[in-house]
Amino acid sequence: RPRVLSGIQPTADSFHLGNYLGALRHWVALQEDYDAFYFIPDLHAITVSFDPATVHDRTYRAAAQLLAVGLDPRRSTLFVQSHVPEHAELAWVLNCITGFGEARRMTQFKDKSAKGGVEAASVGLFTYPVLMAADVLLYQADGVPVGEDQRQHLELTRDLAQRFNSRYGDTFTVPEPFIVKDTAKILDLQDPTIKMSKSASSPKGILEILEEPRSAAKKIRSAVTDSDGEVRFDAADKPGVSNLLSIYSALTGRGVEEIAAQYAGQGYGAFKVDLSEVVSDFVTPLRARTQELLEDKGELDLVLRDGAARAREVASKTLRDVYDRVGFVRAS
Ligand code: TYM
């Protein structure tokens, strides 16, 4: 079976609808036909300022949410990045074949270091995309299901795989990004010119998958639209309404056109009320299930331990090949 791999950072108490629609729901679908590896990149989570107790708590919360959205540990390998030391080890080797200028061109580093300035940013944040390349290449993944914002990182991953293969011999599978266009970039509710993101404009701009339904309804009611009053998909001229339509469509499986037709001539009020209902139906069982899973950390530990053991089998083999290829003497 072809293999997929992807990761989601434990950097908030709840994932948001961009994470779910852009990535997680595809992860769930892909586990049926692919050999799927999904992980929580805690090493990545400490590249910006962090609080240890929060990292710890959010890692469990992330694991519980992954199970709650439908990942099945019997079908997918679920693990925590730091449980598989080969990630950091391969990242070192890849750091040594990555150009400084090449790393500097990564737009996420520019964005994330913009606030405090490059001088204050960590070196870990700088080499973040190289660690991400290691994540993917260790598992010889054929496909990487992600949202649009990860495209540049996957291009770097492909470049590094090809470079290593041509310099030291065929070692890595060159992965394809799996980006599903319709929901690859869910937008901020308050500023539909930017993506929905944990570091968003304001909490009002993001819908969490564990959001309290009343709070979600309030955010949807105050979501920025436009003054033309027509529910219609037009990403260029009506980004706010189009974004809400994309969310509605993805959560119900109904077409955007069909939904738009249903609200013809009614303004945005009824449309927003119904979308709130759709979101409420989505978050309510997820909240309950996540809460339930969080009550038994021992059970989550078992899932993650089993996942890490399976992941290490694959990762250690790739790392051994890499070490051989670059000429390291095997420990005897
Ligand atoms: P992260 O944790 O920021 O996001 C997890 C996934 O959610 C997608 N996503 C979105 N999709 C659509 N619309 C949005 N507004 C939106 N916001 C986020 C992301 O594209 C991502 O797929 N660097 C990665 C984590 C990572 C990784 C990896 C991914 C580490 N190693 C290896 C794949 C393979 C990240 O920070 O994603």
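Biologist: Which helices and strands each supply at least two residues of the lining of the largest cavity?

Modeller: This is a predicted model, in which local features need pLDDT of at least 70 and side-chain atom pairs count only at pLDDT 80 or more, while totals for chains, interfaces and linings use all residues. Residues are numbered from 1 along each chain as its sequence is written, and side-chain values use heavy atoms, with hydrogens and water left out. On a 1 Å grid over the protein atoms alone, a cavity is a set of points where a 1.4 Å probe fits but cannot get out, a pocket is an open set with protein on both sides within 12 Å along at least five of seven lines, and lining residues have an atom within 4 Å of a point. With helices (H or I, at least four residues) and strands (E, at least two) taken as DSSP runs numbered from the N terminus, the elements are strand E2 (35-40), helix H3 (52-68), strand E3 (76-80) and helix H14 (297-325).

Biologist: What volume does the largest cavity have?

Modeller: Its lining includes Tyr38, Phe79 and Leu304. By class, that lining has 11 nonpolar, no polar and no charged residues; Ala, Val, Leu, Ile, Met, Phe, Trp, Tyr, Cys and Pro count as nonpolar, Asp, Glu, Lys and Arg as charged, and the others, Gly among them, as polar. With grid points joined across faces, edges and corners, and the volume taken as the space filled by probe spheres set on the points, the largest cavity has about 60 Å³.

Biologist: Which element gives the largest share of the lining of the second largest pocket?

Modeller: About 360 Å³ of space lies in this pocket. Of its 18 lining residues, the closest to the centre are Lys181, Asp182, Thr183, Phe233 and Ser246. The lining divides into eight nonpolar, five polar and five charged residues. Its largest share, six residues, comes from helix H11 (residues 239-252).

Biologist: How much of the ligand's exposed area does the protein bury?

Modeller: Polar contacts are pairs of N or O atoms within 3.5 Å; within protein, one must be able to donate a hydrogen and the other to accept it, and residues adjacent in sequence count only if both atoms are side-chain atoms. A polar side-chain atom of Tyr128 lies 2.7 Å from a nitrogen atom of the ligand, and a polar backbone atom of Met196 is 2.8 Å from a ligand nitrogen atom. By the Shrake-Rupley method with a 1.4 Å probe, where for residues only the protein chains shown count as cover, the ligand alone exposes 720 Å², and the protein buries 96% of that.

Biologist: Where is Gln140 placed?

Modeller: Gln140 has a positive phi of about 55 degrees although it is not a glycine. Its place is in the loop between H8 and strand E4 (143-145).
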